[in-house]
Amino acid sequence: MLKIGDTELKHGLFLAPLAGVSDRAFRKVCRQFGAECTVSEMISAKGLHYNDTKTAVLAAFSEEEAPFLIQIFGSDPEIMAESAQRLATNNYKACRNTCIPNGIDINMGCPVPKISGNGDGSALMKNPKLVGEIVKAVSEAVDLPVTVKIRSGWDDDNINAVEVALRAEENGAKAICVHGRTKAQMYRDPVNLDIIKDVKKALSIPVIANGGIYTAADAKRMLEYTECDGLMLARGAMGNPFLFSEIKAFLEGREYIPPTMRERMDVAMKHIELMINYKGEYTGVMEARKHLAWYIQGQKGAASAREKVNRAASLEELREIVNAYLSEF
Ligand SMILES: Cc1cc2nc3c(=O)[nH]c(=O)nc-3n(C[C@H](O)[C@H](O)[C@H](O)COP(=O)(O)O)c2cc1C
């Protein structure tokens, strides 16, 4: 069992923060299939500080997605602390939440130049002293547990996840997630399991492993090798929220029966309807295109169905394309 503050997670199975993907709809779907805790897309601390409405919308959530962590990014300890406090006390006028999150997560892994070039995200891996200051400021500002998501290091010559994780722990972090790739690697393999194992050995707070988990066998290997306390699924869950059920069944020694194509597409359509409920039909349909492509990836007829999906402009059209696709199975 993994414990973060008062939140107890039986297997420590997390849906990763995924900008443009882990929105309310996807978080809800993943919870239904066994994700025990979900994390928001990364949210700009500065955006919250300056009352940006679009930023606030990203922080919206409901009890159905909980246990839930809100992830913030930035590098100014004061601004990070202030925005975390507003999220933790629901003191944000543009975001009508009816509950507070179970914790605040800090992004120290984003490799995108727009973020790391500003000193935020993965750039923090280069500055362990600042990591300590940020974690301390945020931890002191909120009554909620603070967690940190890091990478193995900046590049192969600077693998310092243990040092950064220790700084975070000393300054109040209640759990650490380690993505076993460097910033320079972006999302390329291999995932460094040794560094995740080293962080786990060095820390007394829970350590969550992340990187390259696509099957229950990957999950088994990660857990056995690193001896970490939990797993965070990212690209493996995109178009495949069923991965949570598969891993859960494995961890509980139960047989796993994969969904049929019809069941997969039923879930995909429910997911899309939720997106449309939250974002309206135009944005929902535009964003649904990539999700549908992931749901059918690797299946017979996927390429031509994807082309049709990319031209669809309404929920009704998407339904027709999916029904025609299923009739060919
Ligand atoms: C589309 C996409 C968006 C992401 N957005 C975030 C984010 O907002 N915050 C974050 O900490 N990591 C983000 N990540 C990184 C993932 O959470 C995860 O660490 C990474 O994908 C490695 O796991 P995987 O190999 O299982 O995909 C993102 C990754 C992808 C592919």
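How many nonpolar, polar and charged residues does the shell around the ligand have?

Modeller: The model is predicted, and local features need pLDDT of at least 70, side-chain atom pairs count only at pLDDT 80 or more, and totals for chains, interfaces and linings use all residues. Residues are numbered from 1 along each chain as its sequence is written.

By class, the shell consists of 10 nonpolar, 9 polar and 3 charged residues. Here Ala, Val, Leu, Ile, Met, Phe, Trp, Tyr, Cys and Pro count as nonpolar, Asp, Glu, Lys and Arg as charged, and the others, Gly among them, as polar. The ligand is surrounded by 22 residues, of which Ala-16, Pro-17, Met-42, Ala-234 and Arg-235 are the closest; a residue is near the ligand if its C-beta atom, placed from the backbone, lies within 6 Å of it.

The account may now turn to the protein as a whole. It has 14 helices and 11 strands, which are DSSP runs numbered from the N terminus (helices: H or I, at least four residues; strands: E, at least two). The radius of gyration is 19 Å, close to the 20 Å given by the globule rule for 329 residues, so the protein is as compact as a globular protein of that length. This radius is taken over C-alpha atoms, and the rule is 2.2 Å times the number of residues to the power 0.38. Of the 329 residues, 49% count as buried; a residue is buried if 20 or more other C-beta atoms lie within 10 Å of its own, exposed if 12 or fewer, and partly exposed in between, with C-beta atoms placed from the backbone.

Helix H1 (residues 24-32) is largely enclosed by the rest of the structure, because 8 of its 9 residues are buried. These buried residues pack against strand E3 (13-15), strand E4 (37-39), helix H10 (242-251) and helix H11 (261-279). Contact here requires C-beta atoms, placed from the backbone, within 7 Å. Just after H1, Gly-34 adopts a positive phi of about 120°.

Helix H8 (residues 193-202) has the buried residues Leu-193, Ile-195, Ile-196, Val-199 and Lys-200. Seen down the axis of H8, they fall within an arc of 165°, so they line one face of the helix; the arc is that of the directions from the helix axis to the C-beta atoms. The face turned away carries the exposed residues Asp-194 and Lys-201. Among the elements covering the buried residues of H8 are strand E8 (146-153) and helix H7 (161-170).

The loop between E9 and H8 holds Pro-190, and the peptide bond from Asp-189 to Pro-190 is cis, with omega near 5°. Met-186 is also placed in the loop between E9 and H8. Although Met-186 is not a glycine, its phi is positive, about 55°, and the residue is exposed, with 11 other C-beta atoms within 10 Å.

Finally, the protein is divided into domain 1 (2-251) and domain 2 (261-327), with bounds that come from an automatic or database domain assignment. Contacts join 8 residues of domain 1 to 9 residues of domain 2. On the side of domain 1 that touches domain 2 there are 5 nonpolar, 1 polar and 2 charged residues.

Technical notes: Contact = placed C-beta atoms within 7 Å.
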